[in-house]
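Trainee: Please take me through the salt bridges in this model, one by one. I would like a close look at where they sit and what surrounds them.

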Amino acid sequence: MQTIINAFPYLMEGLQVTLYIFSIAIVLGFLIGLVVALLRLAPFKILNWIAKIFVDAIRGTPFIVQLFFIYFGLNSLGFFSLDNTTAGIVTVAINAGAYFSEIIRAGIQSIDKGQTEAARSLGLNSTQTMRHIILPQAFRRMLPTITNQAIISLKDTSLLSVIGVADLTQEGRIQASATFDAFNVYLILGIIYFIVIYLLSMLASFVERKFVLR
Amino acid sequence: MSMIRVENLKKSFGDLEVIKDMSTVVEEKEVICVIGPSGSGKSTFLRCLNRLEDISGGHVYIEGTDITDPKVDINKVRQDVGMVFQQFNLFPHKTVLQNVTLAPIKLKKGDQKAAEKKAYELLDKVGLREKAKAYPGELSGGQKQRVAIARALAMDPKIMLFDEPTSALDPEMVGDVLDVMKQLAREGMTMVVVTHEMGFAAEMGDRVLFIDGGYIVEENVPKELFGNPQHERTKAFLSKVL
């Protein structure tokens, strides 16, 4: 018990780092996803192509390889030097962005084309139609799948411990070896992740209820 | 200047030639009813009039503007051409009032107050003022279609296009929608109505277009077209529907 009490403040510091990385990466990831989805649906073949290659490349490679590529690979070129936290945020954002883009694309395509026709017939241009008519409806439908991906991304941040980011998992590893009580430290670690994710999904279902499609 | 002038209109979907060659003119305040068998191209014809369909050949002039010209700002033209759809296509995430005010607020840069005042007038006109705060999902089909008409009218269009506006309605709802359309016609709105309501076409149409096989087969005042059709195909069609 004493070991857990001693380790707990360190784990909380790690949790802060995890939440910091997650919140920045998920917002960035969502923006990337939105842009990529719009490129994917744009009336220009080249843009569709670029978007598709990006998505396929991210989906077809493991997260940890992407992380090593960005942190070790890009840094080794010598043009810039990303610290491990930044590299971690970038990797989570890009990875989530690829998956978000597919979710957003499917959401946009699920909206009846009569909605677009009605909006365009009133004189709205395609950007106004997307912004005021299509996206608000699509987002409501996407919310459960977006939550799912956000949870996966949150769990992915634990892999950043491999490049030495002092996140929750990394702090757990340090405490596990410092206290010689791996069982209890990792048990607590799991419980902390579980609570955070549980709160996240509660928040999501609250938002979902609030914006329920009538 | 004619409100609408269609010259040798052609429209293909891939290899399928839906509109082969159509020409007609619609003058101000005219009510044109378009009838014909399903698959004859009448809805496609209507949808070419505001370029919801890309036009494959020929010209369509709206108030003298050739909308087949790629340089034309089609969004500007569409503000003058209201459209009502068979499936209503109301925006389900917006209230009735927001459905009606959305385009005027976004496009006319008018203030919200003025747009809402006008929207309430239009909802009065279609008999749905009390539904202003409701969502489309809470309305019946006939109510939805009347809101859709109000939404189109909110942009002060000079032309109204109706694409089978009563075809998706329960029979007892049809009358309410037709009444609104009749009132519009009496007020002098230029209207093109694709319809299966032969009664409406006979009563309100200044002219009736019979479309079949991608052509305007026959075009006449309703009394003549219904009473004394000239073409075999018109006769055959009318004998089935009347």
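Mentor: Over all chains, the count comes to 19 salt bridges in this predicted model. Side chains of opposite charge can pair when their charged atoms come close. Here are some of the pairs.

Start inside chain A. A:Glu102 and A:Arg105 form a salt bridge, with the closest N and O atoms 3.0 Å apart. Both residues belong to helix α4 (residues 84-109) of chain A; they are three residues apart, so about one helical turn separates them. A:Glu102 has 16% relative accessibility and therefore counts as buried, since the cut-off is under 20%. The pair is also part of a network: salt bridges link A:Arg40, A:Arg59, A:Glu102 and A:Arg105.

The setting is helical. Chain A has eight helices and zero strands. Its pattern along the sequence is α-α-α-α-α-α-α-α. Of its 214 residues, 45% count as buried. Among contacts in chain A with a separation of 6 or more, 74% join residues 24 or more positions apart. The C-alpha atoms fill a box of roughly 70 × 45 × 25 Å along the principal axes. Chain A exposes about 11,200 Å², and carbon and sulfur atoms supply 70% of that.

Now chain B. B:Asp124 meets B:Arg129 in a salt bridge, at 3.1 Å from N to O. B:Asp124 counts as partly exposed because its relative accessibility is 43%. B:Arg129 is at 40%, so it also counts as partly exposed.

Another pair in chain B is B:Arg233 with B:Asp212, at 3.7 Å from N to O. This pair links distant parts of the chain. B:Arg233 lies in helix α9 (residues 232-241) of chain B, and B:Asp212 lies in strand β9 (residues 207-212) of chain B, 21 residues apart. B:Asp212, at 17%, counts as buried.

Next, the interface. Across the contact of chain B and chain A there is one salt bridge. The side chains of A:Glu117 and B:Arg47 make it, at 2.6 Å from N to O.

A:His132 sits in helix α6 (residues 126-156) of chain A. Leaving aside neighbours within four places in sequence, A:His132 is in contact with B:His93, B:Lys94, B:Leu102 and B:Lys106. At 11% relative accessibility, A:His132 counts as buried.

Two loop residues of chain B deserve a look at the backbone. B:Lys29 has a positive phi of about 70°, although it is not a glycine. B:Lys29 is in the loop between β2 (16-26) and β3 (31-35) of chain B. With 52% relative accessibility, B:Lys29 counts as exposed. B:Arg51, also not a glycine, has a positive phi near 60°. B:Arg51 is in the loop between α1 (42-48) and β4 (57-62) of chain B.

Terms used:
Residues numbered from 1 in each chain as written. Chains lettered and ligands numbered in written order. Predicted model: local features only at pLDDT ≥ 70, side-chain atom pairs only at ≥ 80, totals over all residues. Heavy atoms only, no water. Salt bridge = Lys/Arg side-chain N within 4 Å of Asp/Glu carboxyl O. Helix = DSSP H or I, 4+ residues; strand = E, 2+ residues; numbered from the N terminus. Buried < 20%, exposed > 50% of the residue type's maximum accessible area, 1.4 Å probe, protein only. Contact = heavy atoms within 4.5 Å. Areas by Shrake-Rupley, 256 points an atom, 1.4 Å probe, with all protein chains shown as cover.
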